[in-house]
Amino acid sequence: MDDSRPADNRSRIESVLDAERADLEHSAERTRAERDDVRDGRADASADDEHDPEGSTLSSEWSRIEGIRRGLSARLKENMQAMARLTAGTYGLCTRCAGKIGAARLTARPSAGLCIDCARELEREKSGA
Ligand SMILES: [Zn+2]
């Protein structure tokens, strides 16, 4: 068992973050292609046409894709910031309260820059409480 010697741990996290970034970039590329299809009117909207004869299919498809793109680019940014924190030696610490981010959270979301408490708090603030 690896008793989380810092060096080992770091290269393990690095490869997790690398894999995550590759994944996100791949999805971003796919989404970009999808968006181009919609823009050029080449989208295969046959499935949606039936219940949407008005033709708003494309615009709702467009906003769906834009939503995904925004989400992906936010996560890519998070990923790069996590990589920077790893280099700086502050990976796994909350960027807001400097507390430790739980291991389960980091496993589920390796790029997480906030502990669960801060993430929830920000979420509440964002939703305009
Ligand atoms: Zn925090």
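**Pockets, zinc site and helices**

Author: In this predicted model, domain 1 (1–90) and domain 2 (92–129) each give at least three residues to the lining of the largest pocket. The domain bounds come from an automatic or database assignment. Residues are numbered from 1 along each chain as its sequence is written. Local features need pLDDT of at least 70 and side-chain atom pairs 80 or more, totals for chains, interfaces and linings use all residues, and side-chain values use heavy atoms, without hydrogens or water.

Reader: How much space lies in the largest pocket?

Author: The largest pocket holds about 480 Å³. A pocket is an open set of 1 Å grid points that fit a 1.4 Å probe, with protein on both sides within 12 Å along at least five of seven lines, and lining residues have an atom within 4 Å of a point. Volume is the space filled by probe spheres on the joined points.

Reader: Which residues lie nearest its centre?

Author: N9, R12, I13, Y91 and L106 lie nearest the centre of the largest pocket, which has 16 lining residues. Two elements, α1 (6–39) and α4 (103–108), each give two or more residues to this lining. The largest share, 4 residues, is from α1.

Reader: And the class make-up of that lining?

Author: The lining of the largest pocket has 8 nonpolar, 6 polar and 2 charged residues. Ala, Val, Leu, Ile, Met, Phe, Trp, Tyr, Cys and Pro count as nonpolar, Asp, Glu, Lys and Arg as charged, the others as polar.

Reader: What is the volume of the second largest pocket?

Author: The second largest pocket has about 330 Å³. Of its 14 lining residues, E78, R105, L114, A119 and L122 lie nearest the centre. Both α3 (57–88) and α5 (116–126) give two or more residues to that lining, and α5 provides the largest share, with 4.

Reader: Which classes are in that lining, and which domains does it draw on?

Author: By class, the second largest pocket is lined by 4 nonpolar, 4 polar and 6 charged residues. Its lining takes at least three residues from domain 1 (1–90) and at least three from domain 2 (92–129).

Reader: On to the metal. What coordinates the zinc ion?

Author: The SG atoms of C94, C97, C115 and C118 coordinate the zinc ion at 2.2 to 2.3 Å. Along the chain these donors are spaced C-x2-C-x17-C-x2-C.

Reader: What is the geometry of the site?

Author: The zinc site is tetrahedral, with angles of 107 to 116° among the 4 donor atoms; the class requires all angles between 85 and 135 degrees. The ideal tetrahedral angle is 109.5 degrees.

Reader: Are C115 and C118 buried or exposed?

Author: C115 counts as buried because its relative accessibility is 9%, and C118 is likewise buried, at 6%. Buried means under 20% relative accessible area, exposed over 50%.

Reader: What secondary structure does the chain have?

Author: The chain has 5 helices and 0 strands, where helices are DSSP runs of at least four residues (H or I) and strands at least two (E). Buried residues are 27% of the 129 in the chain.

Reader: Where is M83 placed?

Author: M83 is in helix α3 and is buried, at 16% relative accessibility. Its C-alpha atom is 8.9 Å from that of I13, 70 residues away along the chain.

Terms used: Donors = N, O, S within 2.8 Å, 3.2 Å for Na, K, Ca; no water. Tetrahedral: all angles 85-135°; square planar, octahedral: opposite > 155°, others 65-115°. Buried < 20%, exposed > 50% of the residue type's maximum accessible area, 1.4 Å probe, protein only.
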